[in-house]
2 protein chains.
Amino acid sequence: MSESTSGRGDAPRLRGVLAPVLTPFHADLSPDGRRLSRYCRWLLAHGCAALAPFGTTSEANSLSVEERESLLDAIIDDGVPPDRLLPGTGACALTDAVRLTAKAVRRGCAGALMLPPFYYKAVSDDGFFRFFAEVIERVGDARLRVYLYHFPPVAHVGFSVKLVERLLRAYPGTVAGMKDSSGDFANTKAMLDAFATAGFDVFVGSERFLLAGMRGGGAGCISATANVNAAAIDRLFRAWRSPEAEELQAEVDAVRAAVEKAPLIPGLKAIVAQHAADPEWAHVRPPFVDLPSAQRDALLADLAALKLAMPDLRG
Amino acid sequence: MSESTSGRGDAPRLRGVLAPVLTPFHADLSPDGRRLSRYCRWLLAHGCAALAPFGTTSEANSLSVEERESLLDAIIDDGVPPDRLLPGTGACALTDAVRLTAKAVRRGCAGALMLPPFYYKAVSDDGFFRFFAEVIERVGDARLRVYLYHFPPVAHVGFSVKLVERLLRAYPGTVAGMKDSSGDFANTKAMLDAFATAGFDVFVGSERFLLAGMRGGGAGCISATANVNAAAIDRLFRAWRSPEAEELQAEVDAVRAAVEKAPLIPGLKAIVAQHAADPEWAHVRPPFVDLPSAQRDALLADLAALKLAMPDLRG
């Protein structure tokens, strides 16, 4: 590899609010790199400290490896700073995970957010350890920062405290943190208690848990809803020690509750489509389907009542 | 495309015992096309009517799209007849599923065995219908025969009777059958009762259900254990109407029960490694791990007691 192989223990660590960036598609369902990079810049200017493209909310598991690679190139080549990017690089196939993770490192990304291989279910901690060890050693680059993506409600596999401990011991400095989307704050608390002081940054997977997470030593949140409400979530992140924190938490919770009434990804895309005045934004790849118009109208009305704004998104 | 686009309503339909072929790896975990094609020929000569490479047991979800494509090329170029191949072509990403399925059709395969996209879980029948409709229409070839792979215990998504009915109505002739690995014969029976007389061939996903499946109008079985015991399973398939059928069923059940005591895929590979006198066969990709030697020895002893033989596999 031509890139420097020096470590970057002094690089700033990711903190704050990250959006798992929605992926726009053309009408023929091909990914739209131009709309994506424009939207990435908007998110960074409106509350996101960094971005996690190719997450669950990005429909990344509905994209081929080549599509994920070329979208990453598209946004970085278009000026989105790679040190503010935490792309999803997890995959079921070892070879795919290695390829995507090596690419993220080569492009200078702040880290790689990795789902465990999620097809096979009767997998032991030994098997997951072996998978991550192979990825880290095959990528073989001291700049790599792996963030573990724990999402049992969808992946149906995940990371135990013992597995994280073993990975941290084997690859200190490389294993850098976690996104906990378990929906179970007791699990987040266990991870925070075990590892937050060991340089392992725990992000909650929903802003519902942001205040609790920060009080427990967390690093921020990586949340679907940050695609449409990052400015308010960021206000909570910045003010978590202040007397207004509970009120700010209640405000972002209300928006989240409204968004969650509809199917999440088609709903978020419908919100962006409306605020961008750009109907193309609403396309979703199968297995998702477009939001029925009655459900979309109800969602947009709820959010208008909550005064959700996405300034300057049109253009 | 250069291939003929004529239909093949007169092509023989798949029936009998199919193995979801184990995928051999080199010590560096790269796939071994040479060992695979040799093994495919052995299976076809020892009880398998046809082969389903790139299934769950093949660790196909641990292979990249390129690896699956080049292994398919390797076995066909090495003389394995494509009209006896039902490769797995399902994938989470629409673009991957289209690419793999189109490749199978171009290479003249008898059909394509398709998992539904299995990452996202809150997916409606509408969404799965949309996915399969896109694949079938993008492949756009009258030779395509899609076999639906129903495996909820692992995929955590699947095909309802209503979804199958809708797909059959929209794509008669193309939607050709199902592998039912639900482990629930009541589900298999519902599929058989609804569709077996409509030219929809239901294969049970385990030989445990082979006799019941044949009595209900099924077409055979596609079973992990066919990798090591196809000859006996084929005897049951051929004799299912005979007085010996129950006894033959009990014999294959005993082998299956012995095999199921160990983790399935590492166990099957250990059996092949022993009978082929080829330790390289035992390699598994992560997230699987090699079978501990004590467990391997116990498995092999159990099978020796049951007189499991794999003649002519050495060489």
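Through which surface do the copies meet? In this predicted model, 100% of the interface residues of chain B are also interface residues in chain A, so the copies meet through the same surface.

Within chain B, helix 6 (residues 161-170) and helix 7 (residues 185-195) have axes that come within 11 Å and cross at roughly 30°. Because angles under 35 degrees count as roughly parallel, helix 6 of chain B is described as roughly parallel to helix 7 of chain B. The crossing of these two helices of chain B is right-handed. Helix 6 of chain B contributes Val161(B), Val164(B), Glu165(B) and Leu168(B) to the contact, and helix 7 of chain B contributes Ala190(B), Met191(B), Ala194(B) and Phe195(B). Of the residues in this contact, seven are nonpolar, none is polar and one is charged.

Several backbone features occur in loops. In chain A, Pro286(A) and Pro287(A) are joined by a cis peptide bond with omega about 20°; Pro287(A) is located in the loop between helix 11 (264-275) and helix 12 (293-305) of chain A. In chain B, the bond from Pro286(B) to Pro287(B) is cis, with omega near 20°, and Pro287(B) falls in the loop between helix 11 (264-276) and helix 12 (293-305) of chain B.

Glu59(A), although not a glycine, has a positive phi of about 55°. Glu59(A) occupies the loop between strand 2 (50-51) and helix 2 (65-77) of chain A and is buried, with a relative accessible area of 0%. Leu29(B), also not a glycine, has a positive phi of about 75°. Leu29(B) is placed in the loop between strand 1 (16-19) and helix 1 (33-45) of chain B and counts as buried at 4% relative accessibility.

Notes: Residues are numbered from 1 along each chain as its sequence is written. Chains are lettered from A and ligands numbered from 1 in the order in which they are written. This is a predicted model: local features need pLDDT of at least 70, side-chain atom pairs count only at pLDDT 80 or more; totals for chains, interfaces and linings use all residues. Side-chain values use heavy atoms; hydrogens and water are left out. Contact means heavy atoms within 4.5 Å. Axes are lines fitted to C-alpha atoms, for helices over the stretch in contact, and angles run from 0 to 180 degrees between N-to-C directions. Helices (H or I, at least four residues) and strands (E, at least two) are DSSP runs, numbered from the N terminus. Angles under 35 degrees count as roughly parallel, over 145 as roughly antiparallel, 65 to 115 as roughly perpendicular and the rest as oblique. A crossing is left-handed if the near helix is turned anticlockwise from the far one by less than a right angle, and right-handed if clockwise. Ala, Val, Leu, Ile, Met, Phe, Trp, Tyr, Cys and Pro count as nonpolar, Asp, Glu, Lys and Arg as charged, and the others, Gly among them, as polar. Buried means under 20% relative accessible area, exposed over 50%, partly exposed in between (1.4 Å probe, protein chains only).
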